Amino acid sequence: MNEIIQKQQYELAFHFLPSFTETEIEEKRRGIEELISKSGGIVSRYGEIRKIKLAYPIKKEQFSNFGYIEFSAPKNTIETINKKMMLNDEVLRHLVIKRKEENTN
């Protein structure tokens with residue numbers, strides 16, 4: 001039996017530690033893309049990661065390197081991605097949201 005796996009559109013927003021260099025930030029972003037790919041997802045685009053001042057401290061940090069990645073993945077893989085992101089000490093905070101389907105009319 002071949003089962004068709006439907007993929008949903010998601011966006012993963014994240015805050016990295018503020019002490020990372022540009023090279024380290026790029027490595028960490030590629031690591032997240034690899035996590036998504038290994039979980040069955042396909043990255044469609046990512047936003048520029050830039051240093052921002054936080055509205056309130058997260059894990060005692062006043063600044064972070066903020067970015068996002070848009071991807072499609074099967075519904076059942078989001079829990080795995082969330083768990084692995086939570087266990088990553090280099091990520092201050094993250095959030096995965098389901099994106100609305102865009103009308104092509």
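Asp-89 lies in the loop that joins helix H2 (78–86) to strand E5 (91–98), where helices (H or I, at least four residues) and strands (E, at least two) are DSSP runs numbered from the N terminus. The model is a predicted one, in which local features need pLDDT of at least 70 and side-chain atom pairs count only at pLDDT 80 or more, whereas totals for chains, interfaces and linings use all residues. Residues are numbered from 1 along each chain as its sequence is written, and side-chain values use heavy atoms, with hydrogens and water left out.

Asp-89 is exposed, with a relative accessible area of 66%; buried means under 20%, exposed over 50%, and partly exposed in between (1.4 Å probe, protein chains only).

In helix H1 (residues 22–38), the buried residues are Ile-25, Arg-29, Ile-32, Glu-33, Leu-35 and Ile-36. They cover an arc of only 155° around the axis, taken from the directions from the helix axis to the C-beta atoms, and therefore lie on the same side of H1. The face turned away from this buried side carries the exposed residues Thr-23 and Lys-38. Just after H1, Gly-40 adopts a positive phi of about 100°.

Two charged ends sit over rings, a term that requires NZ of Lys or CZ of Arg within 6 Å of the ring centre and within 35 degrees of the ring normal.

| Charged residue | Ring | Distance to ring centre |
|---|---|---|
| Lys-28 | Phe-20 | 5.3 Å |
| Arg-29 | Tyr-46 | 3.7 Å |

Of the residues named here, Phe-20 is buried, as is Phe-16.
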